[in-house]
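I opened this model to look up its pockets, its salt bridges and its sheet. My entries follow in the order in which I made them.

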Amino acid sequence: MQVQIDPVDYEIVANRKTVKQDLSKIHKTDPRPQTGDLDIFPYVNRSLIDYNRYHHYIGHAGVKYSMAIQATRGCPYKCFYCDIYKTSENHNRRSVEHFFNEVRQLADIGVKRFEFIDDIFNVNKKSCREFFELVIKHKLDAQFFFPTGLKGDLLDEELIDIMVEGGSLGLNLSLEHAAPRMQEIMRKRLNVDKLHDVLTYITKKHPHVNLTLNAMHGFPTETEEEAMMTLNFIQSIKWID
Ligand code: SF4
């Protein structure tokens with residue numbers, strides 16, 4: 001049960017109303033408006049993090065010595081199973097210059113591996129391409145990983161080539177389900193054939209890329225026949241040349 005908070009239970013911290021800690025009650029506060037302009041935020045002060053405590057472990061990107069970066073917040077899609085569109089109503093991006101300059105500063109001090117934690121970095125194709133064009137232009141000696149997932153049907157051969165030339169080494173794409181009915185139920189509405197073309201292209205043209213695919217099995221109402229469609233889709237990709 002949620003309890004509306006009595007105004008006297010607020011205290012002001014950093015000019016914001018903040019709930020006083022009281023573990024005996026559950027407090028409900030108003031939703032905080034989403035920040036549209038992400039360029040207002042300063043770069044993360046990485047010196048406050050003791051990376052030596054983390055570097056020797058394999059991280060989300062599947063590699064050691066990677067540093068997380070974030071260029072966007074939110075996602076314009078509304079997949080049924082996902083929490084992102086509920087917690088971040090709009091998709092907002094940092095400008096390419098703002099984001100690139102942070103990456104460049106980190107690369108200049110020796111960071112080689114960047115792990116994008118964006119929910120769907122390539123949803124704005126132009127911004128994605130411009131970022132990697134800057135990486136190429138400025139000859140950043142870095143590797144990029146996308147463990148949280150890219151939208152495969154928004155990729156094309158030209159963009160993939162630019163991303164790989166710019167140092168992308170880990171591409172994680174989302175299928176979730178190959179059956180059209182399940183795509184509708186999930187509200188994903190992915191162009192499954194286009195994703196298949198993209199996967200095939202990456203395996204043929206860039207076999208050194210660590211390519212991974214997200215898929216769901218056992219989603220409510222899924223039939224055995226539909227489950228097989230997803231398995232057959234996965235099998236139809238020649239994963240290792
Ligand atoms: S595209 Fe990805 S991040 Fe966006 S709503 Fe769907 S699952 Fe969530």
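**Entry 1: the largest pocket**

I began with the lining of the largest pocket and found that strand 9 gives the most to it, with three residues. Strands here are DSSP runs of E with at least two residues, helices are runs of H or I with at least four, and both are numbered from the N terminus. Before going on I noted that this is a predicted model, in which local features need pLDDT of at least 70, side-chain atom pairs count only at pLDDT 80 or more, and totals for chains, interfaces and linings use all residues. I also noted that residues are numbered from 1 along each chain as its sequence is written, and that side-chain values use heavy atoms, with hydrogens and water left out.

The largest pocket holds about 330 Å³ of space. A pocket is an open set of points on a 1 Å grid over the protein atoms alone, where a 1.4 Å probe fits and protein lies on both sides within 12 Å along at least five of seven lines; lining residues have an atom within 4 Å of a point. The volume is the space filled by probe spheres set on the points, which are joined across faces, edges and corners.

I listed 18 lining residues, and the closest to the centre are Tyr81, Cys82, Asp119, Ser174 and Lys188. Helix 1 (84-87), strand 9 (143-150) and strand 10 (168-176) each give two or more residues to this lining. By kind, the lining has nine nonpolar, four polar and five charged residues. Nonpolar covers Ala, Val, Leu, Ile, Met, Phe, Trp, Tyr, Cys and Pro, charged covers Asp, Glu, Lys and Arg, and the others, Gly among them, are polar.

**Entry 2: the second largest pocket**

This one holds about 290 Å³. I found 16 residues in its lining, with Val44, Gln70, Arg73, Arg94 and Glu102 nearest its centre. Strand 5 (67-69), strand 6 (72-73) and helix 2 (96-108) give two or more residues to the lining. The lining divides into nine nonpolar, three polar and four charged residues.

**Entry 3: salt bridges**

How many salt bridges does the structure hold? I read ten. A salt bridge is a side-chain nitrogen of Lys or Arg within 4 Å of a carboxyl oxygen of Asp or Glu.

I looked up Glu102 and Arg94, whose closest N and O atoms are 2.8 Å apart in a salt bridge. Are these two buried or exposed? Glu102 is buried at 6% relative accessible area, and Arg94 is buried at 11%. Buried means under 20% relative accessible area, exposed over 50%, and partly exposed in between, with a 1.4 Å probe and protein chains only.

Next I took Asp141 and Lys112, a salt bridge with its closest N and O atoms 3.3 Å apart. Asp141 lies in the loop between helix 3 (125-137) and strand 9, and Lys112 in the loop between helix 2 and strand 8 (113-116), so the pair ties together parts that are 29 residues apart in sequence. Asp141 is exposed at 55%, while Lys112 is partly exposed at 41%.

A further salt bridge joins Asp161 and Lys205 at 3.4 Å, N to O. This pair links helix 4 (residues 157-165), which holds Asp161, to helix 6 (residues 192-205), which holds Lys205, and the two residues are 44 apart. Asp161 is partly exposed at 23%, as is Lys205 at 45%. I also noted one network of salt bridges with shared partners, made of Arg46, Arg94 and Glu102.

I traced an open sheet of five strands in the order 5-8-9-10-11, with parallel pairing. Strand 5 and strand 11 (210-215) are the edge strands, each pairing on one side only. Two strands pair if DSSP finds at least two bridges between them. Strand 9 and strand 10 pair over four bridges. I picked out Phe144, whose bridge partner in strand 10 is Ser168.

**Entry 4: positive phi**

Lys139 has a positive phi of about 50° although it is not a glycine. Lys139 sits in the loop between helix 3 and strand 9 and is exposed at 70%. Glu176 also has a positive phi, of about 70°, and is not a glycine. Glu176 is in strand 10 and is buried at 8%.
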